Amino acid sequence: MLTSTRRAIRNAGTVVTVMAALLTAAATAAPGAAALPGDPYTCDTWSVSFAPSHSQNMRVSAKIPYSNGIYSEQCTLVKNDRGSGVTALQLSLKNCYRQAIAVDGSFGPATFTALKNAQRSLGLSVDGAYGYYTSRAMKFPYFTPTGAFYNCH
């Protein structure tokens, strides 16, 4: 009986140690990486809409990367990230900065190069990462309710 109790305690200790290691690894994951919901570094999208001055009846809207419910400098996108924040970034690069990239929600080499080109054109530090300064300088595409490209704001 004593041996089985010791074994159970040792096994429970191993499980606790492994779980602690996994939680620590998840907490130190790269910003924008597959993170837990509510993680302040996760980039999702925020929808913005307005009525253009020439039309009271039509509203145009854009999707902009944001962090944990607020448009924040904490929202960082780098190579190998995936998700709706990357999709919003790719739409901006394609429509507002004329970069020939796929809009697939995956931050790969083409998105990295396109972002560096946009940063260069904006006079920013060219590092290929979407962060505080890049987010403040970039324009994002607005679309009509039918999905037609409207303008970059």
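Buried means under 20% relative accessible area, exposed means over 50%, and partly exposed lies in between, with a 1.4 Å probe and protein chains only. By that rule Cys43 is buried, at 5% relative accessibility. The model is predicted: local features need pLDDT of at least 70, side-chain atom pairs count only at pLDDT 80 or more, and totals for chains, interfaces and linings use all residues. Residues are numbered from 1 along each chain as its sequence is written, and side-chain values use heavy atoms, with hydrogens and water left out.

The overall layout comes next. The protein chain has four helices and four strands. Helices (H or I, at least four residues) and strands (E, at least two) are DSSP runs, numbered from the N terminus. Their order from the N terminus is α-β-β-α-α-α-β-β. The protein chain has 153 residues, of which 32% count as buried. Contact means heavy atoms within 4.5 Å. Among contacts in the protein chain between residues at least 6 apart in sequence, 47% join residues at least 24 apart.

Two disulfides are present. A disulfide is a covalent bond between the sulfur atoms of two cysteines. Here the criterion is a pair of cysteine sulfur atoms within 2.5 Å. When the bonded cysteines of the protein chain are numbered in sequence order, the pairing reads 1-2, 3-4.

The link of Cys43 and Cys75 is right-handed, with 135° about the S-S bond. Cys43 belongs to strand E1 (residues 43–50), and Cys75 to the loop between strand E2 (60–67) and H2, so the pair ties together parts that are 32 residues apart in sequence. Cys75 is buried, as its relative accessible area is 1%.

Cys96 and Cys152 form another disulfide, with their sulfur atoms 2.0 Å apart. Their link is left-handed, with -100° about the S-S bond. Cys96 sits in the loop between H2 and H3, and Cys152 in strand E4 (residues 149–152), so this pair ties together parts that are 56 residues apart in sequence. Cys96 is buried, with a relative accessible area of 18%. Cys152 is buried too, with a relative accessible area of 18%.

Helix packing was examined for H2 and H3. Two packed helices are described by the angle between their axes and the distance between the axes. Axes are lines fitted to C-alpha atoms, for helices over the stretch in contact, and angles run from 0 to 180 degrees between N-to-C directions. The axes of helix H2 (residues 84–95) and helix H3 (residues 109–121) come within 10 Å and cross at roughly 55°. H2 is therefore oblique to H3. Angles under 35 degrees count as roughly parallel, over 145 as roughly antiparallel, 65 to 115 as roughly perpendicular, and the rest as oblique. The crossing of H2 past H3 is left-handed. A left-handed crossing has the near helix turned anticlockwise from the far one by less than a right angle, and a right-handed one has it turned clockwise.

From H2, the contact is made by Leu89, Gln90 and Leu93; from H3, by Thr111, Ala114, Leu115 and Ala118. By class, the contact of H2 with H3 has five nonpolar residues, two polar and no charged. Ala, Val, Leu, Ile, Met, Phe, Trp, Tyr, Cys and Pro count as nonpolar, Asp, Glu, Lys and Arg as charged, and the others, Gly among them, as polar.

Asn95 also lies in helix H2. This residue is buried, with a relative accessible area of 16%. Leaving aside neighbours within four places in sequence, Asn95 is in contact with Pro141, Phe143, Phe149 and Cys152.

Ala148 is in the loop between strand E3 (141–143) and E4. Ala148 is partly exposed, at 37% relative accessible area. Beyond neighbours within four places in sequence, Ala148 is in contact with Tyr142 and Phe143. Ala148 and Val60 are 88 residues apart in sequence and 9.5 Å apart in space, C-alpha to C-alpha.

Backbone angles complete the account. Asn80 has a phi near 80°, a positive value in a residue other than glycine. Its place is in the loop between E2 and H2. Asn80 is exposed, with a relative accessible area of 68%. Arg98 is not a glycine, yet its phi is positive, at about 55°. Arg98 lies in the loop between H2 and H3. With a relative accessible area of 65%, Arg98 is exposed.
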